[in-house]
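Please walk me through how this protein chain is put together. I would like to follow the packing of its helices and the surroundings of a few single residues.

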Amino acid sequence: MAKKSETFSEPFCSFCGKTEDKVEHLIAAPGGNVFICNDCVDICRNQLAKPNEAVPDQVALMPPEKLKAELDKYIIGQDEAKRVLSVAVYNHYKRVNYNLKNMPKRHAGRDDERTVAERADGNDVELNKSNILMFGPSGCGKTLLAQTLSKILKVPFAMVDATTLTEAGYVGEDVENILLRLIKNADYDIAAAERGIIYIDEVDKIARKSENVSITRDVSGEGVQQSLLKIIESTVSSIPPNGGRKHPQQEFIHMDTTNVLFILGGAFVGLEKIVSDRLGKSRIGFGGELHSEKTTDEVLPKVQPQDLIKFGLIPELVGRVPVTVALKDLKTEDLVRVLTEPKNAIVKQYVKLLDLDGVELKFDESALSAIADRAIALHTGARGLRTIVENAMLDIMYKVPSDKTIKRITINADTIENGAPPKVEKDAA
């Protein structure tokens with residue numbers, strides 16, 4: 001029914017109320033009783049155009065050499081691993097940009113459940129996805145590498161521990177919740193999340209116990225590997241917006257994982273023995289160590305897919321992570337560099353904190369070596385450095401703010417190893 005104006009006898013816009021003399025054009029609906037002005041038509045046109053603008057921006061590419069140089073600012077050592085990662089990540093996002101360039105515009109909140117590859121022009125070359133598997137001892141920098149890559153590339157990042165995941169239908173965390181975590185970290189920008197990075201740690205802990213296919217349920221092992229397959233490859237996943245289990249009445253967030261980079265990591269303890277056996281390198285005695293001519297650091301870069309399958313990863317999952325990166329155990333000299341060289345080095349942070357109190361802090365060479373040696377003895381790698389330094393600095397950080405006469409503090413090996421007081425220099429007054 002047409003609107004009746006109590007004020008005007010002439011036609012007026014049913015949206016904004018303007019009369020014909022206040023607008024350039026007044027368009028009548030069929031029947032002539034309802035009108036819309038040209039201004040409101042423009043507003044409607046702009047609102048309808050906004051969903052088409054939801055096509056994600058391309059990721060700013062960084063050449064492998066430059067990407068490695070950026071990683072060097074935060075991560076010490078692991079040069080070969082950083083080279084492999086830099087090339088793999090560059091190729092991945094080159095592929096992402098290619099897909100986005102050749103992808104038809106799509107509406108935000110769409111119901112289109114085709115993947116990016118399926119929506120692309122059939123005449124275009126389809127570039128396959130190359131996810132990454134990193135293995136190396138605890139504290140060697142696997143997690144830090146993945147986090148730093150996302151920071152450098154300015155893409156959303158999510159991390160999950162594989163041991164918390166369970167097969168759908170069992171008590172635990174669903175695999176889809178990994179994607180929800182990425183969406184949350186992208187501030188619910190689905191387009192941004194679809195080109196983000198997901199790091200799944202402790203993947204070696206979900207390896208099945210043998211190469212033989214199990215006839216029973218393996219809730220947190222082989223079953224989880226099977227659940228990971230689809231999202232790692234390429235799918236449009238339906239994700240409960242608040243996490244938890246799916247139910248028919250719940251609305252879902254639809255996310256395409258075609259352009260998400262998955263990085264899997266784990267210590268894979270014992271993998272070097274499998275590789276050595278394949279290479280024909282014998283071991284000394286029952287459960288003995290590798291011959292001295294081939295160290296673990298030399299053997300792990302030679303890992304092949306069949307070694308990972310023998311370790312307990314299912315063949316389908318191994319096929320979806322074609323890029324393998326072996327990280328080396330950090331030595332004393334590496335850990336000393338970790339303490340002092342990166343932009344966010346622990347020693348640099350404490351020097352700055354005390355400088356804000358007007359106190360000069362110095363760690364002598366013996367103290368740095370003692371911290372590194374203790375971390376190696378605890379088998380924590382770089383992960384344990386902060387705890388060791390914080391324990392040594394606790395008493396100092398407690399007293400310095402109250403004592404304005406302190407001007408210089410020197411930490412030595414005795415402070416780290418035996419808890420002895422550091423050398424403190426005060427004003428003569």
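**Overall layout**

Among contacts in the protein chain between residues at least 6 apart in sequence, 69% join residues at least 24 apart, a contact being heavy atoms within 4.5 Å. The model is predicted, so local features need pLDDT of at least 70 and side-chain atom pairs count only at pLDDT 80 or more, while totals for chains, interfaces and linings use all residues. Residues are numbered from 1 along each chain as its sequence is written, and side-chain values use heavy atoms, with hydrogens and water left out.

The secondary structure of the protein chain amounts to 17 helices and 12 strands. These are DSSP runs numbered from the N terminus, with helices being H or I of at least four residues and strands E of at least two. Of the 429 residues of the protein chain, 44% are buried; buried means under 20% relative accessible area, exposed over 50%, and partly exposed in between, with a 1.4 Å probe and protein chains only.

Helix 2 spans residues 64-72, and its buried residues are L67, K68 and L71. They cover an arc of only 100 degrees around the axis, which puts them on the same side of helix 2; the arc is that of the directions from the helix axis to the C-beta atoms. The buried residues of helix 2 pack against helix 3 (79-101) and helix 5 (142-153).

Two packed helices are described by the angle between their axes and the distance between the axes. Axes here are lines fitted to C-alpha atoms, for helices over the stretch in contact, and angles run from 0 to 180 degrees between N-to-C directions. For helix 2 and helix 5 the angle is about 120 degrees, with the axes 10 Å apart. Helix 2 and helix 5 are therefore oblique to each other, given that angles under 35 degrees count as roughly parallel, over 145 as roughly antiparallel, 65 to 115 as roughly perpendicular and the rest as oblique. Helix 2 passes helix 5 in a right-handed crossing; a crossing is right-handed if the near helix is turned clockwise from the far one by less than a right angle, and left-handed if anticlockwise. On the helix 2 side L67, E70 and L71 take part, and they meet L145, T148, L149 and I152 of helix 5. By class, this contact has five nonpolar, one polar and one charged residues, where Ala, Val, Leu, Ile, Met, Phe, Trp, Tyr, Cys and Pro count as nonpolar, Asp, Glu, Lys and Arg as charged, and the others, Gly among them, as polar.

**From helix 5 onwards**

V155 sits in the loop between helix 5 and strand 4 (157-161). With a relative accessibility of 10%, V155 counts as buried. Leaving aside neighbours within four places in sequence, V155 is in contact with V59, Y93, S150, R195, G196 and I197. V155 and N185 are 30 residues apart in sequence, and their C-alpha atoms are 9.8 Å apart in space.

A186 belongs to the loop between helix 6 (176-185) and helix 7 (190-193), and is buried at 10% relative accessibility. Its contacts, apart from neighbours within four places in sequence, are P156, A192 and A193. Between A186 and G196, 10 residues apart in sequence, the C-alpha to C-alpha distance is 8.4 Å.

S237 lies in strand 6 (residues 236-239) and is buried, with a relative accessible area of 5%. Not counting residues up to four places away in sequence, S237 touches E176, L179, I231, I253, H254 and M255.

**Helix 16 and its two neighbours**

Helix 14 (residues 346-355) and helix 16 (residues 385-399) pack at about 20 degrees, their axes 11 Å apart. That makes helix 14 roughly parallel to helix 16. The contact involves I346, Q349, Y350, L353 and L354 of helix 14 together with L385, R386, V389, E390, M393, I396 and M397 of helix 16. By class there are nine nonpolar, one polar and two charged residues in it.

The axes of helix 15 (residues 365-377) and helix 16 come within 9 Å and cross at roughly 130 degrees, and the two helices are therefore oblique to each other. I371, A372, R374 and A375 in helix 15 meet L385, I388 and V389 in helix 16. These residues divide into six nonpolar, no polar and one charged.

T387 is also in helix 16 and is partly exposed, at 46% relative accessibility.
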